[in-house]
Amino acid sequence: MAEQVQADSGGFTLPDLAEVREAAATVDTRSVLSLPLGQEPPQARAAVALALWEDRSITTEELKKAAEARCATRSPALHTFVPLYTTNHCDSECKMCSMRKGNIRLDRKFSGRNEIIEQLRILRDHEGVRGVGLLTGEYEDKHTRLASAFRIGWAIRTALDMGFERIYFNIGSMEPDEIDTLGEWVERKDPVTMCVFQESYDRDTYRRFMGKTSVGVPKADFDRRVASFDRWLDAGYHYVNPGVLVGLHDDLSAELVALVAHGEHLHRRGAVVDLSVPRMRPAMTSRDTTRVGDEDYLRMMAAVAFVCPEQRLVLTTREPQEFQDRALSLAGVISPGSPDVAPYRPDAQARNDERSSQFQVADLRRPRHILDRIESSGIEVGHFVNPSPRPAAAGRS
């Protein structure tokens with residue numbers, strides 16, 4: 001049976017994979033692919049996504065083209081934000097993460113007021129971006145959790161006042177009093193997106209990587225994490241970004257089903273939903289690297305994009321340029337940048353030092369260069385004002 005997650009209200013119910021698989025068996029995948037644009041299949045989205053993912057008589061390229069067509073009406077086609085890590089201190093012990101508390105080799109860093117403002121100015125004035133994602137670790141004691149919420153709330157307000165148009169924040173799970181504290185800085189109408197990646201919706205895998213008990217290990221609390229979005233919506237906010245770390249759990253079908261179901265639940269509650277499916281990357285103290293091949297990864301993205309066309313997939317520079325080019329038309333958000341603390345400089349690529357970064361990215365080109373290249377191909381990128389616009393074509397007024 002489906003599993004109810006403990007939440008204050010409107011809680012998400014984890015889907016039963018056997019029941020979804022039974023529903024998926026009734027899906028005529030060829031008919032689904034030929035549906036008129038804008039028409040929903042009769043079955044639940046999770047069942048349709050599973051059927052499309054598992055029916056290998058449909059090639060990945062066919063599925064990709066169908067998904068691209070359903071996403072083509074978005075305006076803009078893409079928007080952007082750049083991650084800004086404000087610290088790498090963390091109380092959790094996630095085995096795949098360099099920021100884990102027990103990693104004594106990591107050079108711990110913390111950005112104060114002046115450094116955060118300087119980083120925001122670099123992103124705005126030198127990289128031309130008007131979207132930023134603010135990140136921290138997750139903390140155990142209530143005082144530190146509230147202090148972190150207050151500090152990131154201030155950073156969000158500062159970024160909005162500086163002219164940033166879209167803010168993401170990823171500071172771990174949140175309880176109502178922590179949302180209230182952050183909310184002292186944020187209006188309900190502000191374009192501020194909560195990111196709380198579940199990493200895996202499988203409880204056994206979650207325990208294996210995040211910890212068996214939440215005593216002293218805050219991220220090990222599965223229910224508190226997955227309920228955070230409902231609490232955010234209960235408080236009157238609208239923007240959410242759930243995600244899974246692709247490759248953490250071996251059963252991609254189960255993760256696909258759970259993520260799509262979670263996104264559908266939040267969408268029905270009136271949320272504006274982005275979805276993240278980052279692949280694992282090398283990190284200090286971790287042997288885990290990308291274990292999902294390009295074709296399976298692209299197919300997973302296509303299945304999600306097809307059934308959730310109004311929910312933008314986030315593509316990051318964890319992936320190399322070659323894969324970005326293949327997947328860009330499935331994504332609705334492109335996020336270039338570095339997972340190091342305060343890594344941006346006015347006239348050089350960002351720092352991604354193994355000794356202070358959460359993980360290593362595949363593409364460290366400057367955000368402005370990545371976004372300019374995309375725009376030069378004819379794709380509009382929202383929340384980007386090119387600092388070096390290309391000259392107008394000859395004969396154009």
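**Exercise 1. Find which residues of helix H7 (residues 176-183) are buried, and what covers them.**

Solution. Start with the cut-off: a residue is buried when its relative accessible area is under 20%. In this predicted model, the residues of H7 that are buried are Glu178, Ile179, Thr181, Leu182 and Gly183. Next, look at what lies over them.

**Exercise 2. Describe how helix H3 (residues 45-54) meets helix H12 (residues 294-307).**

Solution. Take the geometry to begin with: the two axes come within 9 Å and cross at roughly 145°. The hand of this H3 and H12 crossing is right-handed. Now list the residues that make the contact. H3 brings Arg45, Val48, Ala49, Leu52 and Trp53, while H12 brings Asp296, Arg299, Met300, Ala303, Phe306 and Val307. Finally, sort them by class: the contact of H3 with H12 has 8 nonpolar and 3 charged residues, with no polar ones.

**Exercise 3. Characterise the second largest pocket: its volume, its lining and the elements that build it.**

Solution. The volume of the second largest pocket is about 210 Å³. Its lining has 13 residues, and those closest to the centre are Ala44, Ala46, Ala261, Glu264 and Arg268. Then assign the lining to elements: helix H1 (17-24), H3 and helix H11 (252-268) each give two or more residues. Of the contributors, H11 gives the most, with 4 residues. To finish, count by class: the lining of this pocket has 7 nonpolar, 3 polar and 3 charged residues.

Note on methods. Residues are numbered from 1 along each chain as its sequence is written. This is a predicted model: local features need pLDDT of at least 70, side-chain atom pairs count only at pLDDT 80 or more; totals for chains, interfaces and linings use all residues. Side-chain values use heavy atoms; hydrogens and water are left out. Axes are lines fitted to C-alpha atoms, for helices over the stretch in contact, and angles run from 0 to 180 degrees between N-to-C directions. A crossing is left-handed if the near helix is turned anticlockwise from the far one by less than a right angle, and right-handed if clockwise. Contact means heavy atoms within 4.5 Å. Ala, Val, Leu, Ile, Met, Phe, Trp, Tyr, Cys and Pro count as nonpolar, Asp, Glu, Lys and Arg as charged, and the others, Gly among them, as polar. On a 1 Å grid over the protein atoms alone, a cavity is a set of points where a 1.4 Å probe fits but cannot get out, and a pocket is an open set with protein on both sides within 12 Å along at least five of seven lines; lining residues have an atom within 4 Å of a point. Grid points are joined across faces, edges and corners, and a volume is the space filled by probe spheres set on the points. Buried means under 20% relative accessible area, exposed over 50%, partly exposed in between (1.4 Å probe, protein chains only).
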